[in-house]
Amino acid sequence: MSFVEENFELLYGIGKCIAEQFGPNCEVVLHDLTKPYENTIVAIWNGHVTGRKLGDGGTDAGLKILKGTAQPEDTYNYINSTRNGQILRSSSKYLKDKEGRVVGSLCINFDITEILKGQEAISYLTNYGSNHHNKEVFTSNIDELLDEMIEDAVNMTGKDVNQLTKEEKVEVVKYLDDKGAFLIKKSAERVADFLGISRFTIYNYLKLSDK
């Protein structure tokens, strides 16, 4: 039994308390990161904020934590945004087991879009200007998350995918590996199809990027 499963009643109660306190614009998500990444959400309140539901997966930020390319540091009161332009005020608390491994997270995404359109008198409450700005990919479909990551990787080259050299494709694969993309099931096949190469070539590129 995972840490989240063992403490589910307590964590569920905390999540519900936060959601009830701040209302329908406040999404609260409990992730069990010991589950396949496409099914980490074990409890969610007000999922309409990011369009997610029970049984969906995490964001690209969680992938980087699991991959080890980002440190699992609790982050509070930072500004985030969704793909459709909603501005979120977010906090992420990572849950660790007795060995110190990250096994879950409790995340809060409060939609402040309408507040920001309001009076200047509440600008201090939203605190938008002084917070650092993150970009996470929120999606109810893990395939969409992977597609977004692949497109970002290719866009960083400044070229169309059909114009990429071997070296640039190696860099794309390295970028995706650093982001944890290959933790997603059948990701090698999807990346290979997108780049117009074989899955075997993907594995060779991964070896090259480790040198």
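Okay, let's start at one spot: tyrosine 94 stands opposite serine 105 in β5. Strand and helix names here are DSSP runs, numbered from the N terminus, with at least four residues of H or I for a helix and at least two of E for a strand. Before going on, a caveat: this is a predicted model, where local features need pLDDT of at least 70 and side-chain atom pairs count only at pLDDT 80 or more, while totals for chains, interfaces and linings use all residues. Residues are numbered from 1 along each chain as its sequence is written, and side-chain values use heavy atoms, with hydrogens and water left out.

So, the strands. β4 and β5 run antiparallel and are joined by 9 bridges; strands count as paired if DSSP finds at least two bridges between them. The two form a hairpin with 5 residues between them, and glycine 100 in the turn has a positive phi of about 85 degrees. Serine 105 is also the bridge partner of histidine 31. β1 and β5 are antiparallel too, with 7 bridges, and valine 28 has isoleucine 108 as its partner in β5. On to β2: 4 bridges join it to β1, again antiparallel, and there valine 28 stands opposite tryptophan 45.

How covered is β1? Of its 7 residues, 7 are buried, where buried means under 20% relative accessible area, exposed means over 50%, and partly exposed is in between, with a 1.4 Å probe and protein chains only. Both of its faces are covered: Cys26, Val28, Leu30 and Asp32 on one side, Glu27, Val29 and His31 on the other. β5 is largely enclosed by the rest of the structure, because 8 of its 10 residues are buried.

Now α2, residues 8–22. Its 15 residues should span 21 Å at 1.5 Å a residue, and the end C-alpha atoms are 21 Å apart, which agrees. That expected span is 1.5 Å times one less than the number of residues. Which residues of α2 are buried? Leu11, Gly15, Ile18 and Ala19. They cover an arc of only 95 degrees around the axis, so they sit on the same side of α2; the arc is taken from the directions from the helix axis to the C-beta atoms. As a reminder, an α-helix has 3.6 residues a turn, so residues three or four places apart point the same way.

What covers that buried side includes α1, β1, β2, β4 and β5. The face turned away carries the exposed residues Glu9, Leu10, Cys17, Glu20 and Gln21. After α2 comes glycine 23, with a positive phi near 85 degrees.

Next, the cores. A nonpolar core here is a set of buried Ala, Val, Leu, Ile, Met, Phe, Trp, Tyr and Cys residues joined through side-chain atoms within 4.5 Å. Which residues touch the most other members of the largest one? Val172, Leu176, Leu195 and Ile202, out of 29 residues. α3, α6, α7, α8 and α9 each supply at least two residues of this core, and the largest share, 7 residues, comes from α6. Take isoleucine 202: leaving aside neighbours within four places in sequence, its contacts (heavy atoms within 4.5 Å) are Val173, Phe182, Ala188, Val191, Ala192, Leu195 and Ile197. There's a second, separate core of 12 residues, which includes Ile18, Ala19, Cys26 and Leu95.

Last, charges. A salt bridge here is a side-chain nitrogen of Lys or Arg within 4 Å of a carboxyl oxygen of Asp or Glu. By that rule there are 13 salt bridges. One of them is glutamate 38 with lysine 185, the closest N and O atoms being 3.8 Å apart. That pair links distant parts of the chain, 147 residues apart: glutamate 38 is in the loop between β1 and β2, lysine 185 in the loop between α7 and α8. Buried or exposed? Glutamate 38 is buried at 17% relative accessible area, whereas lysine 185 is exposed at 57%.

Then there's arginine 190 with aspartate 147, closest N and O atoms 2.7 Å apart. Arginine 190 lies in α8 and aspartate 147 in α6, so the pair ties together parts 43 residues apart in sequence. Finally, Arg83, Glu144 and Glu148 are linked in a network of salt bridges.
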